[in-house]
Amino acid sequence: MTTLPAKPASPGPLNRIVPPNPKQAALVVVGFTALLYLIELISQIVPSLTMWGIIPRTWSGLDGVIWAPLLHANWDHLFGNTVPVLVFGFLAMAGGLGQWIAVTVTIWLVSGIGVWLTGPPGVTIGASGVAFGWLAFLLVRGIFNRSLKQLAVAFVLFLYWGSTLLGLLPGNPGISWQ
C-alpha cells in the first residue's frame, strides 16, 4: 500500500477527439462522400432516382429510409451537405471504425424512420439527417465520456453549424426540418 497520490488517468480511447487511425477514417469518410457524388451524377442522368426517398406514412415510401441519405435534390443540396458529412463523419470515428458503423447505422435508421413518421407529404432526401445525427453523437459522446475536450470540440461545431439548423425549422418551404 502506498500513500502517494494516484496518477491521473492517461487519455484513453474514450477521450479521443480524432480517430485512432486518421488515414483510414479519412479514406472511409471521403469514400462515402465520393459515393454521394457518384449517385448525384447518376441522378442527373436518371432524375427519377430521387423518387426513392422517404415518402412519409406510406408503406411504399418506407424503403426510402435506406436510400434517402444517398440521394440529393441537386448539386447545391449535395454541396451543402458535403463539409458537415466530412467533418462530423471523420470526428465520429474517434471510437474506431466498428463504433462508427454502429452509430451510423443507428442514426441512419432512426432519423429515416423519424422522417417517415413525421415528415410532410412528398419525398424527403439528403444526408443532413445522418450528418447532424453525427453532430448529436459528438455532443452526447462528450457528455457520457465526461470529456471536456470532446465537449468543447462538439460545442464549437454546434455553434458553427447550429445556425444551419435554424434554416431547418418548420415553415421553410422545400426544406425538411425532420
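Select H4 to begin: this helix has 22 residues and reaches 31 Å from its first C-alpha to its last, close to the 32 Å expected at 1.5 Å a residue. The expected span of a helix is 1.5 Å times one less than its number of residues. Helices (H or I, at least four residues) and strands (E, at least two) are DSSP runs, numbered from the N terminus.

The model is predicted: local features need pLDDT of at least 70, side-chain atom pairs count only at pLDDT 80 or more, and totals for chains, interfaces and linings use all residues. Residues are numbered from 1 along each chain as its sequence is written, and side-chain values use heavy atoms, with hydrogens and water left out.

**Stop 1: the whole chain**

Zoom out and show the protein as a cartoon. Its secondary structure comes to six helices and zero strands, and from the N terminus on the order is α-α-α-α-α-α. Of the 178 residues, 35% count as buried. Buried means under 20% relative accessible area, exposed means over 50%, and partly exposed lies in between (1.4 Å probe, protein chains only).

Accessible areas come from the Shrake-Rupley method with a 1.4 Å probe; for residues, only the protein chains shown count as cover.

Contacts are the next thing to display. A contact means heavy atoms within 4.5 Å. Among the contacts with a separation of 6 or more, 75% are accounted for by residues 24 or more positions apart.

**Stop 2: the buried residues of H4**

Return to H4 and select Trp100, Val103, Thr104, Ile107, Trp108, Gly112, Val115 and Trp116, which are buried. Which helices do the buried residues of H4 pack against? They pack against H1, H2, helix H3 (75-91) and helix H5 (128-145).

**Stop 3: the nonpolar patch**

Select Trp52, Ile66, Trp67, Ile101, Val105, Leu109, Ile113 and Leu117, which make a nonpolar surface patch of about 740 Å². The elements that give two or more residues to the patch are helix H2 (64-67) and helix H4 (97-118). H4 gives the most, with five residues.

Patches are made of residues with over 30% relative accessible area and no salt bridge; like charges are joined within 9 Å, and nonpolar side chains (Val, Leu, Ile, Met, Phe, Trp, Tyr) within 5 Å. A salt bridge is a side-chain nitrogen of Lys or Arg within 4 Å of a carboxyl oxygen of Asp or Glu.

Trp67 is found in helix H2 and counts as partly exposed because its relative accessibility is 41%.

**Stop 4**

Select Tyr37, which lies in helix H1 (residues 22-45). Is Tyr37 partly exposed or buried? Its relative accessibility is 25%, so Tyr37 counts as partly exposed. Not counting residues up to four places away in sequence, Tyr37 touches Trp75, Leu78, Phe79 and Thr82. Draw a distance from Tyr37 to Phe79: the C-alpha atoms are separated by 9.2 Å, and the two residues are 42 residues apart along the chain.

Then go to the segment before H1, where Asn21 lies. Asn21 is partly exposed, with a relative accessible area of 39%.

**Stop 4**

Select H5. At 1.5 Å a residue, its 18 residues should span 26 Å, and its end C-alpha atoms are 25 Å apart, which agrees. The buried residues of H5 include Phe132, Trp134, Phe137 and Arg141.

Most residues other than glycine have a negative phi. Arg146 is in the loop between H5 and helix H6 (148-166), and is exposed, with a relative accessible area of 77%.

Move to Arg57, in the loop between H1 and H2. Arg57 has a positive phi of about 55° although it is not a glycine. Arg57 is partly exposed, with a relative accessible area of 45%.

**Stop 5: the annotated spans**

Finally, colour residues 25-55, 125-144 and 151-169, which the UniProt annotation "transmembrane region" (unreviewed entry) covers. UniProt positions are given in the numbering used here, feature names are shortened, and annotations may be inferred rather than shown by experiment. The span 25-55 is 68% helix and 0% strand, with its end C-alpha atoms 32 Å apart. For residues 125-144 the end C-alpha atoms lie 31 Å apart, and the span is 85% helix and 0% strand.
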